[in-house]
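Subject: Structure handover

Hi,

Here is the structure I promised to pass on. My notes follow below it.

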Amino acid sequence: MCGIVGYIGKRDSQDILLEGLKKLEYRGYDSAGIAVFTKEGLQISKSKGRLAVLEDKLKGEPLAGSVGIGHTRWATHGKPSDLNSHPHTDNSAKFSVVHNGIVENYLDLKDELAAKGHVFVSETDTEVISHLVADEYDGNIVEAVQRAVARMRGAFALGVLTEFEPEKLVAVRFASPLVIGIGDGENFIGSDIPAILEHTRNVYILNDGEMAVLTCNAVELMTIEGATISKEIFHVDWDLVTAEKAGFDHFMLKEIYEQPKAYRDTMLGRVSDDGKSVDLKELSMSDEYIKSINRVHIVACGTAYHAGLVGKSVIESLARISVENDVASEYRYRSPIITPQTLVIVVSQSGETADTLAALREAQRNGARVLAITNVVGSSVAREADDVITTWAGPEIAVASTKAYSSQLIAFYLLGLHLARVLGTQEPAAMEELITGLNALPEQVEKILEQAVVLKQVAESISHHRSLFFIGRGVDYAVAQEGSLKLKEISYIHSEAYAAGELKHGTLALIEEGVPVIALVTQETLYEKTLSNIKEVKARGAHVLAVANSGFEGEVAKSVDEIFAIPKTLPILSPALAVIPLQLLSYYASLALGHDVDKPRNLAKSVTVE
Ligand code: M6R
């Protein structure tokens, strides 16, 4: 996904911009560029490909100057190319713009500007913004940007420079994240905090419809209509080191190994001292409101959606409230039945996923209360939701989500227990048993991680296959779906997840000699049924690896080719363990195939467009 960084100060800006862009690489991109005020005026250097390509170009033709903007682009309008890369400019080359998001009415604006004589060289919506600002300019860049923005529809974060007012850097946020970094005699903009963290820990987080005018010594905040606003400075107390690999070969592996800590941190302070109940004190929803909830919608994308599938089982079994799951990109278009008695839970690691944010707004428009489960404090989802359960997984850099997913499961367990306590739907002994099980999970994950080498070998053999299947029943099916996504995402091996009992209704036709099938067998009440399904695929030649609860590993071992046992836990808690071997399998398969594990092709960490 696109990244923005900007600098205004006394230092040479080129390296600050490049370093800032490097910190945003994890978001995914296909081209990069910078614009700097040099002695010759506003100069732009940009190119398709990795930042290293741009760096090489700049070695030959550096851009010297102390004010600049930079961008990493993830193509939406127009293919990745030098011309489509940002920053963009207008025909006078006096204005320059970097932009994240999408301008929905850019074609109408483009036609109008073309009729006035503007000539466009790229396919992008962003180029239209630079022309529009130039067209609106009559001596005041702030007002020109305000007039331009008033004519744009869509989602955007902008950094704007003009040669006519080189002492100013203008930043705008409208439904796409942007922060302002406050320095000493210098100031910054960034689409994400890591872009500027090396230089300052004091930031303003812009809200939708807000803008900032930066000079070396001041930051003026206002609405896009021009009304002055004031904001509290947000002090970032986390470190860049936490976002580094800490000795692991890849961020993904590091993040897999961070899961015991992520579980502990997410539970910290939320379980009562006597270990008998869970109280999510951060929730502002009253007990009366909880008692009035008659249905829950869980809405999310990708891996977060899969966490929500487990969340459904957790809430239904613990709190006995009916739950529906929705993919966020579908939610508002299916005209869901939402009432004030519907609790809508949105799940998002980044808290910036456009579809999830849109679902949140749709739910609130219809009078529902929204509870967010997110990993990013201060994210859009966190700020707009009525209640937030933060997953304390720490920054997740690898595109493939691991510790964020499993921490989302912990959040659902805590929520289920909180609701059950208020609703009185579980016996005290059952609650205690669950909490004891929850507390044991971090250590159990550590035990699984000690066996990682076994999975490396299995992954290497899987990596030779073109297609494979994940099967399971109940919550095992939910975990199977996450395992399948993870494998596809980073190894590019085709896989499908199936409810084990559903195979014989069509998909069984695809099972032939040697096809790998990964079967999840953790549910006591379902394991005999799953075993029958395993026999169905075995009879057709499948090579079966079972991920099984150690309680019945002996029985399962008789029916499969390989088995990976996870420590015994309560059935509802097993996803928090069973997912770990699947993450490791995907990681090692990707590694065996020589792929870029942390930055898989075609994907971005944070999907801030619809
Ligand atoms: O930041 P979010 O949790 O809202 O992101 C949702 C999905 O884009 C994300 O989970 C995606 O599926 C991951 N890359 C999967 O590993």
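Helices (H or I, at least four residues) and strands (E, at least two) are DSSP runs, numbered from the N terminus. This is a predicted model: local features need pLDDT of at least 70, side-chain atom pairs count only at pLDDT 80 or more, and totals for chains, interfaces and linings use all residues. Residues are numbered from 1 along each chain as its sequence is written, and side-chain values use heavy atoms, without hydrogens and water.

The ligand first. Both α9 (302-319) and α16 supply at least two residues each to the shell around the ligand. α9 gives the most, with three residues.

Next, the polar contacts (pairs of N or O atoms within 3.5 Å). A polar side-chain atom of S350 is 2.6 Å from a ligand oxygen atom. A polar backbone atom of Q349 also lies 2.6 Å from an oxygen atom of the ligand. For T303, a backbone N or O atom is 3.1 Å from a ligand oxygen atom. Alone, the ligand exposes 420 Å², and the protein buries 90% of that (Shrake-Rupley method, 1.4 Å probe).

Now the backbone. A cis peptide bond joins H86 and P87, with omega about 0°. P87 is in the loop between β4 (67-73) and β5 (88-89).

S335 is not a glycine, yet has a positive phi of about 50°. S335 lies in the loop between α10 (328-331) and β17 (342-348). Y492, also not a glycine, has a positive phi of about 65°. Y492 lies in the loop between α16 (475-491) and β21 (494-499).

Best wishes

Terms used
Polar contact = N/O pair within 3.5 Å; in protein donor to acceptor, adjacent residues only side chain to side chain.
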